Amino acid sequence: MYKSISSQSFAYFSRPHRAIPRAPLDCAAAWRGDDFPDENAWIEHFSAEDIREIEAAIDQARSSGKPLEKLSAADFPLPGLSGRIAGWVRQVHRERGFVVLRGLPVQDWGEEAASLFFWCLGWHLGVPGAQNRYGDLLGHVRDTGEDPADPAVREYRTPVRIGFHCDAADMVGLLCLRQALAGGESRIASSVTIFNELLHRHPELVDRLFAPIALDAHAEGGLRWFPIVPCRFDGET
């Protein structure tokens, strides 16, 4: 069973913590942009054989007759890709923290097949979770015309520029169905490198990262705000 937004958020904000680091964290996740001069270091390309396996899995998921929320990894077998998928999980959780996948023919598939793929790939990577209080399983990042000044409207449903942030999940994925005419680029940064820089420049501020702050809940679930602890450190790198 996939996680509700409440259970997912609770698990994320309750993640283990051992102590506040007092020395820079030296690990693969502490990267800078110029550490990757060659995009081949972080881009994974799907081969024609990979696509055939994925499309066979899409057909099997469809033939099951199950709705999207009832599908699991068992309904979407990817034996040929299993080794690479395990590597992607390792990259995200224990190494640099991100991976980019390219070569999916989403224009040929259409939204329904692409949704099947993306949801079921999530089951191969972990346990998927709902996107919001409405229980949406896949959130669409598009301008719906809603007012970005309304605190109940999520920014990804408007054309505003979204700043760097962390979502309440251990892994976040985006799948581009249609490229925007302008803008729409995703940017990422290493939170570990940011921590190391803060430790170097303003060590007196580090403890504040591990103390509760009030998070704007955008009126979701009837909450105006709730306390969260921005950073946790379990002693592993």
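Q: Which residues of α3 are buried?
A: Ile85, Gly87, Trp88, Gln91 and Val92 of α3 are buried, meaning under 20% relative accessible area with a 1.4 Å probe, protein chains only. They lie on the same side of α3, because they cover an arc of only 155 degrees around the axis, taken from the directions from the helix axis to the C-beta atoms. This is a predicted model: local features need pLDDT of at least 70, side-chain atom pairs count only at pLDDT 80 or more, and totals for chains, interfaces and linings use all residues. Residues are numbered from 1 along each chain as its sequence is written, and side-chain values use heavy atoms, without hydrogens and water.

Q: And what covers the buried residues of α3?
A: The cover includes β1 (43-45), β2 (100-102) and α5 (111-125), with contact meaning heavy atoms within 4.5 Å. Helices (H or I, at least four residues) and strands (E, at least two) are DSSP runs, numbered from the N terminus.

Q: Switching to α5, at what angle do the axes of α2 and α5 cross?
A: Roughly 95 degrees, and the axes of α2 (residues 48-63) and α5 come within 10 Å. So α2 is roughly perpendicular to α5, a label for angles of 65 to 115 degrees. Axes are lines fitted to C-alpha atoms, for helices over the stretch in contact, and angles run from 0 to 180 degrees between N-to-C directions.

Q: Which residues make the contact?
A: Ile54, Ile58, Ala61 and Arg62 of α2 meet Glu112, Ala113, Leu116 and Phe117 of α5.

Technical notes
Buried < 20%, exposed > 50% of the residue type's maximum accessible area, 1.4 Å probe, protein only. Parallel < 35°, antiparallel > 145°, perpendicular 65-115°, else oblique.
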